[in-house]
Amino acid sequence: MENDFSIYERLAALARSDVYPYHMPGHKRNAGAGLPEGFAQLDITEIEPFDNLHHAQGILKEAMEEAAELYGADRTYFLVNGSTCGVLAAVSAAAAEGDTLILARNAHLSAYHGVYLRRCLMVPLYPERLAEYGVYGAVGADEVERLLRRHPEAKAVFITSPTYDGFVSDVEKLAEVVHAYGKILIVDEAHGAHFGLDERMPPSSLDCGADLVIHSLHKTLPSLTQTALLHVKGSRVDRGRLERFLRIYQSSSPSYLLMGSIDLCIRQMRKHRREWFDPFFERRGKLMKELSTLKVLQVVPDGPVTEAAYAGSALKYYDPSKLMIFCDGAGISGVELQRILLEDYHLQMEMAGANYVLAILTVMDTREGFMRLSAALKEIDAAMPSKEQKAGLVTGIGLTCQDEFLSAVRSVQVQEERIPLAQAMDAAGTEKVALECAEGRMITEFVYAYPPGISVILPGERMTEQMIALLTGYRERGMTIQGPEDETLRTIRCIKEG
Ligand SMILES: Cc1ncc(COP(=O)(O)O)c(C=O)c1O
C-alpha cells in the first residue's frame, strides 16, 4: 500500500481538520446532533478526496485489493448492506430472466428474493439431513450431479456453507462436479468469514474452487453490523453484470463508518490473526472440555468431523465458531433454555431452535465470557433431572421439532408440480384460506422464523397435511413467524382455484 493510513485514521484526520461540510450527511459532523460520541464526526459518504464505492479508484480500491489478497480472491467488493445484497447480486449475475438456478433448499431468504427479482426458475437442491441432530447438514455432490444431469439448462448452483448451525459441505468436491458441467458455483459463506484465516478453521470456499463467495464480516469477525464482502474467483462470472447489480442493490451513499470498519477488520486479520486465533482456540478448547461433562444438555462434540461420527454423510467440517446446545434430554424447549440463559445468567444466545440454542463464538470473546457460559450451563444441567429420571420425556437429540420441520419440508419435496416462485408471488387471483383448510393449495407467501430466515414453505409450493401440522404447532407454541400477510398463521394466502 502506498499510504498506509487506515480509512478510520483518514476519517479522524478529517474530523480534526477545519474543513467545513457543505455536503451530506445532514448532521454536518456536528457533535450537537446528539449522536453517540464520535459517530457524527466520522460519518461521511463519498466526498473528495475520499473514494467512490461504485467507481473505486483510490483508498477503497486499495482496501478491496487488500481484502482480495487476504482471502485469495481475484476480486473482492465491499458490501454495506450485508450479505443480503451480495447474495442478491450473485444470483442476479448468474441467472437472467427465465434462466434456471439450482438452489439449496436451506438458502437464506435473500437468495429466493434474488430468484424473485430476476424472475428466474429454481430447482430445489435438498441438503442431507444429519440423523444425529435432525438438522440440515451438507450438500451432497451426488445429488448436485443428479440435478445437473437432469437440468442441463441450469446456469449455476447455489449452496449455503456453513449452515447457520455450522455444518460445512465438501466445497472442493462440489466445485469439481459443478465445473465439470461448465456451471457457476455460488457459496453463501455468510457465516464463514473467518474460514481460511487460520489452519484450525475450515478452508474458505474460495480456496476450494467456488466462483462467487459471500461473507458477512459482521457475523463472526470484529466488524460493524451490515458489513460484508463479495468475492469472485476465475472467469466464469460476468463481472460487468455483477458490478451492475451491485450498483443496483447497494446504496449510492455508502457509509464510511461501515467501509472503514471493513478496512479495519481486514487490516486486523492481516496483522493480528495469529495473536487472536491462538487464545481463541485455547479458550474454546477449555470450554468444550468443560461442556463434555454435561449430563442432560448436550453439545456437538469438538474435534474433526470423523467418518465415525457422521458415517456416510457428505459433511466435511464443523465450524468451531458455532456452539449448538441441545436440550431435548431436559424436556425443555430451546426457547425456554434461551430464556433461562438470558434472564438468570444474562447470556444472550444467537438463536433458539425448538430443541437447541445456538451460540456464536469469535476471537473477540473473552475468557470471562466463556467461563460464564460454562458455569451457567453446568449449573442448569446439574439442576435438571437426569435422563434416566425423565425417561418419559427423553426424545434423544434431534428427534423433536427439527425433524418435524424436515419431514414437513420433505412432504412438499415430493411434489413434482410447482409454479415458478415469482409467478406465485405476483399471481393476480389469490385468496386467504384458513390454514387447516389449505391442504393441496398453492401458496403465494414465504413463511419463516428469523433467525435463521429459511422459509419453511415457498411461494409456488402446495401445502401438505404435514406442513399444516408443523405450522399449526408453530402457531400453538407462539413462535414469531414472518412472511405471511397473516402472521398469526390462522390464514395463508393461496392462488384462487376454479
Ligand atoms: C446464510 C445466510 N446468508 C445470508 C444472510 C444475510 O446476511 P446479512 O445479515 O449480512 O445481510 C444471512 C443472515 O442471517 C444468512 O444466515
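Author: Happy to. One term before we start: helices (H or I, at least four residues) and strands (E, at least two) are DSSP runs, numbered from the N terminus. This is a predicted model, where local features need pLDDT of at least 70, side-chain atom pairs count only at pLDDT 80 or more, and totals for chains, interfaces and linings use all residues. Residues are numbered from 1 along each chain as its sequence is written.

Reader: Thanks! Which helix is Arg273 in?

Author: Arg273 lies in helix α10, which covers residues 256-291.

Reader: And is Arg273 buried, exposed or partly exposed?

Author: A residue is buried if 20 or more other C-beta atoms lie within 10 Å of its own, exposed if 12 or fewer, and partly exposed in between, with C-beta atoms placed from the backbone. Arg273 has 18 other C-beta atoms within 10 Å, so it is partly exposed.

Reader: What does Arg273 touch, leaving out residues up to four places away in sequence?

Author: Arg273 touches Leu197 and Asp198. Contact here says that the C-beta atoms of two residues, placed from the backbone, lie within 7 Å.

Reader: How far is Arg273 from Val87 in space?

Author: They are 27 Å apart, C-alpha to C-alpha, and 186 residues apart in sequence.

Reader: Let's zoom out. How many helices and strands are there?

Author: The chain has 15 helices and 17 strands. Its C-alpha trace spans about 70 × 60 × 50 Å along the principal axes.

Reader: Why does the radius of gyration agree with a compact globule?

Author: Because a compact globule of 498 residues would have a radius of gyration near 23 Å, and the chain has 24 Å. That radius is taken over C-alpha atoms, and the globule rule is 2.2 Å times the number of residues to the power 0.38.

Reader: What share of the residues is buried?

Author: Buried residues make up 47% of the 498. As for contacts between residues at least 6 apart in sequence, 70% of them join residues at least 24 apart.

Reader: How is the chain divided into domains?

Author: There are domain 1 (1-44), domain 2 (50-268), domain 3 (273-393) and domain 4 (401-495). The bounds come from an automatic or database domain assignment. Between the centres of domain 1 and domain 4, taken over C-alpha atoms, the separation is 47 Å.

Reader: Now the ligand. How many residues surround it?

Author: 16 residues do, and the closest are Gly82, Ser83, Thr84, His108 and Ala190. A residue counts as near if its C-beta atom, placed from the backbone, lies within 6 Å of the molecule.

Reader: Which helix gives the most to that shell?

Author: Helix α4 (residues 82-94) does, with four residues. Domain 2 and domain 4 each supply at least three residues to the shell.

Reader: What about helix α5, how many of its residues are buried?

Author: Seven of the 10 residues in α5 (109-118) are buried. Among them are Tyr112, Val115 and Tyr116. The cover over the buried residues of α5 includes α4, β2 (100-104), β6 (154-160) and α14 (421-425).

Reader: You mentioned β6. Which way do β6 and β8 run, parallel or antiparallel?

Author: Parallel, joined by five bridges. Two strands pair if DSSP finds at least two bridges between them. Phe158 stands opposite Ile186 in β8. β2 also runs parallel to β6, over four bridges, and there Leu101 has Ala156 as its bridge partner in β6. In β6 itself, six of the seven residues are buried.

Reader: And how many residues of β10 are buried?

Author: Five of five in β10 (residues 228-232). Ala228, Leu230 and Val232 point one way, while Leu229 and His231 point the other way. β10 pairs in the antiparallel sense with β1 (residues 75-79) over five bridges, and Thr76 stands opposite His231. β9 (residues 212-216) pairs with β10 in the antiparallel sense over five bridges too.

Reader: Last one: what is the order of strands in the open sheet of four?

Author: The order is β11-β13-β15-β14, with antiparallel pairing. β11 (298-299) and β14 (351-352) stand at the edges with a single partner strand each, so one side of each is left without a neighbour in the sheet.
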